Structures are given as structure tokens and as C-alpha cells.
Amino acid sequence: MEVIVGSQEFTGYSIKNITFVPSRPIGEMLGGKIGYTGGKVTINGDAVETVNINGIGHVPARALTTALGARIFWDKSNPKRVDIFPKL
């Protein structure tokens, strides 16, 4: 799955109909403080659902809306593309 933030492209994964994105690069681009504790990624100190893929913590894209106010758009014409924008 193609995840676009600004002009950068990342690989995301659809797992049980949930879009998981790499937490650190995207979270930091959106202004969040990303950490890792107890097997979970933290966003601004709050633990969120985490899936480890190839040694990289991935979080549900929707966790970025809750924690950082990100705006997420799934492209209906290209269901393998997700655009993520910082809050206004």
C-alpha cells in the first residue's frame, strides 16, 4: 500500500481492513513525539496499537488522527493509496 505524506512515499499494510503505517517517520513529520515502550509505539507518551513489521513499528493510520489531528484520505479510485495531511 502506498502512503503519501507531503512529497514522501512510505509503504503501509492493510491488516484485517486496518491500514498500518510506519510510526516514527510519519508521526514525527506530523509533529508528534514517537517512542517505544513495553512492545508498543507511543505517540506523545500514549501507547497505541502496534504491529512490528521487519523491525519497524507500525500503527493504525487512524491513531494519527486521534493523537496528532492528522487528516487521512483513502483514494477510492486507487484503494492502495492513502494520503495523510497534518492538521490545519
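Which residue stands opposite Ile84 in S11? Ile72 does. This is a predicted model, in which local features need pLDDT of at least 70, side-chain atom pairs count only at pLDDT 80 or more, and totals for chains, interfaces and linings use all residues. Residues are numbered from 1 along each chain as its sequence is written, and side-chain values use heavy atoms, with hydrogens and water left out.

**The sheet**

- Four strands form an open sheet in the order S2-S1-S11-S10, with mixed pairing.
- Strands (E, at least two residues) and helices (H or I, at least four) are DSSP runs, numbered from the N terminus.
- Strand S2 (8–11) and S10 stand at the edges with a single partner strand each, so one side of each has no neighbour in the sheet.
- Neighbouring strands of this sheet are turned by 25° against each other on average, direction ignored.

**Strand pairs**

- Two strands pair if DSSP finds at least two bridges between them.
- S1 (residues 2–5) and S11 (residues 81–85) pair in the parallel sense over four bridges.
- Val5 has Ile84 as its bridge partner in S11.
- S10 (residues 71–74) and S11 run antiparallel, joined by four bridges.
- Arg71 stands opposite Phe85 in S11.
- A hairpin of six residues joins S10 to S11.

**Helix H2 on the sheet**

- H2 lies across S10 and S11 and runs at about 155° to S10.
- Such angles run from 0 to 180 degrees between N-to-C directions, and axes are lines fitted to C-alpha atoms, for helices over the stretch in contact.

**The largest pocket**

- Rolling a probe the size of a water molecule over the atoms shows where empty space is left.
- A pocket is an open set of points on a 1 Å grid over the protein atoms alone, where a 1.4 Å probe fits, with protein on both sides within 12 Å along at least five of seven lines; lining residues have an atom within 4 Å of a point.
- The largest pocket holds about 160 Å³ of space.
- Its volume is the space filled by probe spheres set on the points, which are joined across faces, edges and corners.
- Among its lining residues are Met1, Ser14, Arg62 and Trp74.
- Strand S4 (18–22) and helix H2 (61–68) each supply at least two residues of this lining.

**Thr42**

- Thr42 lies in strand S6 (residues 40–43).
- Leaving aside neighbours within four places in sequence, Thr42 is in contact with Lys33, Ile34, Gly35, Tyr36, Thr37 and Ala47.
- Contact means heavy atoms within 4.5 Å.
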